Amino acid sequence: MTGLSLPQRTLPLSDPAFVADPYPLLAQWREETAAFFDPGLDRVVLTRHADISALLRDKRFGRSVLHRYSRDELGWPPPDPRQVNFDAFNDNHVLDSEPPKHTRLRGLLQLAFTPRRVEGLTPRIQVILADRLRTLGDTFDLVADYAEPLPVTVIAELLGVPHEWREQLRPWSAAIVKMYEPDKTPQDQADAERAVLDFSAHLQELLNERRKTPADDLITALSQVESEGERLTEKELIDTCILLLNAGHEASVNGLSAGILALMRRRDRWNELVGWAQEPGSLPKFKLAVDELLRFDTPLPMFERIALEPMTLFGHEVKVGERVALLYASGNRDPRRFEQPDELRLTREPNPHLTFGLGIHYCLGAPLARLELALSLQALCRTFPNLRLVNETPEYTGGFVIRGLARLPVSTR
């Protein structure tokens, strides 16, 4: 891909200043052009909400292309033997599959991942939060001590993961998601391979146990769901559980910690939430606030789609197999779609943010993420109304595709 018909820009993905605050540069580029070509990424990159939304719903693009074409037909090199197990996992779950496989997998998952099951987690989430808040002192790291433990615990309990290996879930997930960054290293490949193998082995053991002794958990439900004679294969079930862990907490951890940072910097908005927390029945308000926080500072700023057929995009000839990058973080601040997009409005309605995606790949776990984040915010506001930042310059992990805070020291006084 050359992108000669488009303006060229290079996203400074390794620049700590850009990772810490990408929005000024994204705003400048969004106003200059709806699309540009990034020679480093070798991608056309879309910047505006309407164009990103349209492409997410465009059936000429997908998350995968190998269901239609071989690597030879696409001119792609053979698979990298250093990440064969990661690739097998990535090619087999619902997020990176396309119809008809995607339709079958998502339909089966929805039978097990029901709204009733998600809402039924509310009392347990509240207990987990209360237990966690009791352990926190006058100062603590909001990322490691509060944002991280809840999603890991909830997805572990939802799946039915035994307590004795729950502490390994976060390291496995962290190793796997590094593979989605453009600058992954050979060590990242090795770590992801080991994480997929170890996680798969543990899940296989758990699956064998649940087939002998079913339980009220998601892995049992996934092993039993059937629709029109279709069931999940053993490999699909295991890869789905790995995906649920990764997708089920990476965005939640990063979304909550970035949201708290935004609120700490806008004291009037934090105080508004503190007031809501004293009101009975305020959870729907907190869910509205969660959507706004996920729009305002997007935890997964950039996604991709692959062209399934040749087309012209902004005057550029896109070939089959070429990737297009979608700057969710830019689209979520587009003034063409959001009034005063750089303002944090906790009751913003409607709020058509892009954070959970659109179209057939809309995030299956969005209801669980909203519930977790809303309950987390509500409990934090009730318990520590005077919460404040200890350090005004927070530390980021360094990645942009999966962007999050490494630490966020806070004080309760």
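Which residues touch the most other members of the largest nonpolar core? I began there, working on a predicted model in which local features need pLDDT of at least 70 and side-chain atom pairs count only at pLDDT 80 or more, while totals for chains, interfaces and linings use all residues. Residues are numbered from 1 along each chain as its sequence is written, and side-chain values use heavy atoms, with hydrogens and water left out.

Entry 1, core. I found L142, Y146, I260 and L387 to touch the most other members among the 95 residues of this core. A nonpolar core here is a set of buried (under 20% relative accessible area, 1.4 Å probe, protein chains only) Ala, Val, Leu, Ile, Met, Phe, Trp, Tyr and Cys residues joined through side-chain atoms within 4.5 Å. Helix α14 (residues 234-264) supplies the largest share, 14 residues; helices are DSSP runs of H or I of at least four residues, and strands are E runs of at least two, numbered from the N terminus.

I listed its contacts (heavy atoms within 4.5 Å). Not counting residues up to four places away in sequence, Y146 touches L129, R132, L133, L136, F140, D141, L256, S376, A379 and L380.

I located F37 in strand β1 (residues 35-38). F37 counts as buried because its relative accessibility is 3%. I also noted that F37 and V410 lie 373 residues apart in sequence and 40 Å apart in space, C-alpha to C-alpha.

Notes: Buried < 20%, exposed > 50% of the residue type's maximum accessible area, 1.4 Å probe, protein only.
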